[in-house]
Amino acid sequence: MIIKKSREQIEGIRRAGRIVAEIIASMAEYVKPGITTAELQDVAKSVFEKYDAKSAFLGYRPGRNMPAYPAYVCISVNDEIVHGIPGNRRITSSDLVSVDVGVRYNGFVGDAAATYVMPDTSPNAKRLAWITYQALHRGISAAKDGGKVSDISAAVQNFVEGNGYSVVRDLVGHGVGIQLHEDPQVPNFVDYRNDAPLQTGMTIAIEPMVCEMDYRTITAADGWTVKTADGGLSAHFEHSIAIIGDRQDILTLLPDGREPYVPPEIL
Ligand code: MF3
Ligand code: CO
């Protein structure tokens with residue numbers, strides 16, 4: 001069931017989304033070669049605490065018999081696509097570091113992700129992050145009242161594949177706002193089998209997960225970390241947005257309207 005939101009509900013989601021953005025921006029400040037992913041999570045934790053906000057991920061169970069997610073945020077490095085669990089891994093100067101942040105605040109949920117580019121990443125890795133960031137914004141621009149979810153999927157997929165990369169099939173974007181995961185599913189590839197109509201008041205998380213090579217995934221022994229099957233690099237950007245007519249209101253920006261993190265631009 002798709003839950004359309006009122007103006008007031010959208011403002012509630014924005015308040016949660018601004019905290020998401022502040023968390024992504026502060027981790028961007030602290031992510032440096034030598035820091036562990038657990039230490040990076042501590043940076044996030046201090047922002048959750050500052051607002052007395054809750055992680056929408058901690059304890060999350062995707063299915064009845066699935067393990068609860070054990071951390072506050074997800075941090076996924078290089079060939080890890082999403083759902084990496086913070087731990088003692090140290091970031092190196094050539095890593096791609098994807099963070100995914102969900103905040104529950106006053107009954108509303110915001111969800112966003114970004115891939116930080118460390119200074120010595122390969123030109124291809126830098127390009128992958130930049131293409132994924134742009135794919136997110138192509139997808140956002142395609143979300144319009146009267147359109148379909150497949151408009152978003154097509155915008156993302158055509159842009160990514162046109163640039164020689166692939167989109168993950170095993171994970172999708174989603175409705176967001178009251179729950180972390182609401183209907184509809186928002187795939188990054190065109191799938192006409194359940195193609196929901198887009199309408200004013202819908203709030204959705206658009207989240208391209210893009211691979212350097214093949215899009216097939218494997219799950220690591222920890223039961224959570226999703227990696228590329230071929231070991232290729234992957235990047236992930238996400239925003240929660242509201243659809244208002246043929247415009248899109250991005251709800252996971254900083255209070256001044258800036259992006260929490262923009263990867264280095266590749267011309
Ligand atoms: N941000 C992820 C998503 O959009 C959720 C992470 S799964 C969790 O689906 F278990 F960590 F919550
Ligand atoms: Co999401």
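This note walks through selected features of a predicted model, from its salt bridges to its metal site and backbone.

1. Basis of the model. The structure is a predicted model, in which local features need pLDDT of at least 70 and side-chain atom pairs count only at pLDDT 80 or more, whereas totals for chains, interfaces and linings use all residues. Residues are numbered from 1 along each chain as its sequence is written, chains are lettered from A and ligands numbered from 1 in the order in which they are written, and side-chain values use heavy atoms, with hydrogens and water left out.

2. Salt bridges and the Lys5 pair. Across the whole structure, a search finds ten salt bridges, a salt bridge being a side-chain nitrogen of Lys or Arg within 4 Å of a carboxyl oxygen of Asp or Glu. One of them joins the side chains of Lys5 and Glu182, at 2.5 Å from N to O. Lys5 lies in the segment before helix H1 (7-30) and Glu182 in strand S8 (residues 182-186), so this pair ties together parts that are 177 residues apart in sequence. Helices (H or I, at least four residues) and strands (E, at least two) are DSSP runs, numbered from the N terminus. Lys5 is buried, with a relative accessible area of 7%, and Glu182 also counts as buried, at 7% relative accessibility; buried means under 20% relative accessible area, exposed over 50%, and partly exposed in between (1.4 Å probe, protein chains only).

3. A network around Arg14. Which residues are linked with Arg14 in a network of salt bridges? The network consists of Glu11, Arg14 and Asp249. Between Glu11 and Arg14 the closest N and O atoms are 2.9 Å apart, and because these two residues are three residues apart in helix H1, they are separated by about one helical turn. An α-helix has 3.6 residues a turn, so residues three or four places apart point the same way. The salt bridge from Arg14 to Asp249 has its closest N and O atoms 2.8 Å apart, and it links distant parts of the chain, with Arg14 in helix H1 and Asp249 in strand S15 (residues 247-250), 235 residues apart. Arg14 counts as buried at 13% relative accessibility, while Glu11 is partly exposed at 28% and Asp249 is partly exposed at 21%.

4. Helix H3. The 19 residues of helix H3 (residues 123-141) should span 27 Å at 1.5 Å a residue, and the end C-alpha atoms are 27 Å apart, which agrees; the expected span is 1.5 Å times one less than the number of residues in the helix. The buried residues of H3 include Leu128, Trp130, Ile131, Tyr133 and Leu136.

5. The cobalt site. What coordinates the cobalt ion (ligand 2)? Asp111 (OD), His174 (NE2), Glu207 (OE) and Glu238 (OE) do so, at 2.1 to 2.3 Å, and along the chain these donors follow the spacing D-x62-H-x32-E-x30-E. Glu207 is in the loop between strand S9 (203-206) and strand S10 (209-211), and Glu238 is in the loop between strand S13 (234-236) and strand S14 (239-244), 31 residues apart, so that the pair links distant parts of the chain. Both Glu207 and Glu238 are buried. Donors are N, O and S atoms within 2.8 Å of the metal (3.2 Å for Na, K and Ca), and as water is not among the atoms, sites may look incomplete.

6. Glu259, a buried charge. Glu259 is found in the segment after S15 and is buried yet has no salt bridge, the nearest side chain of opposite charge being Arg258, 9.6 Å away. Leaving aside neighbours within four places in sequence, Glu259 is in contact (heavy atoms within 4.5 Å) with Tyr133, His137, His239, Leu253 and Leu254.

7. Backbone points to check. The peptide bond from Asp183 to Pro184 is cis, with omega near 0°, and Pro184 is found in strand S8. Asp52, which has a positive phi near 55° although it is a residue other than glycine, is placed in the loop between helix H2 (37-51) and strand S1 (54-55) and counts as exposed at 69% relative accessibility. His83 likewise has a positive phi, near 65°; its place is in the loop between strand S3 (80-82) and strand S4 (96-105), and His83 counts as partly exposed at 22% relative accessibility.

Terms used: Lys and Arg count as positive and Asp and Glu as negative; His and the chain ends are not counted.
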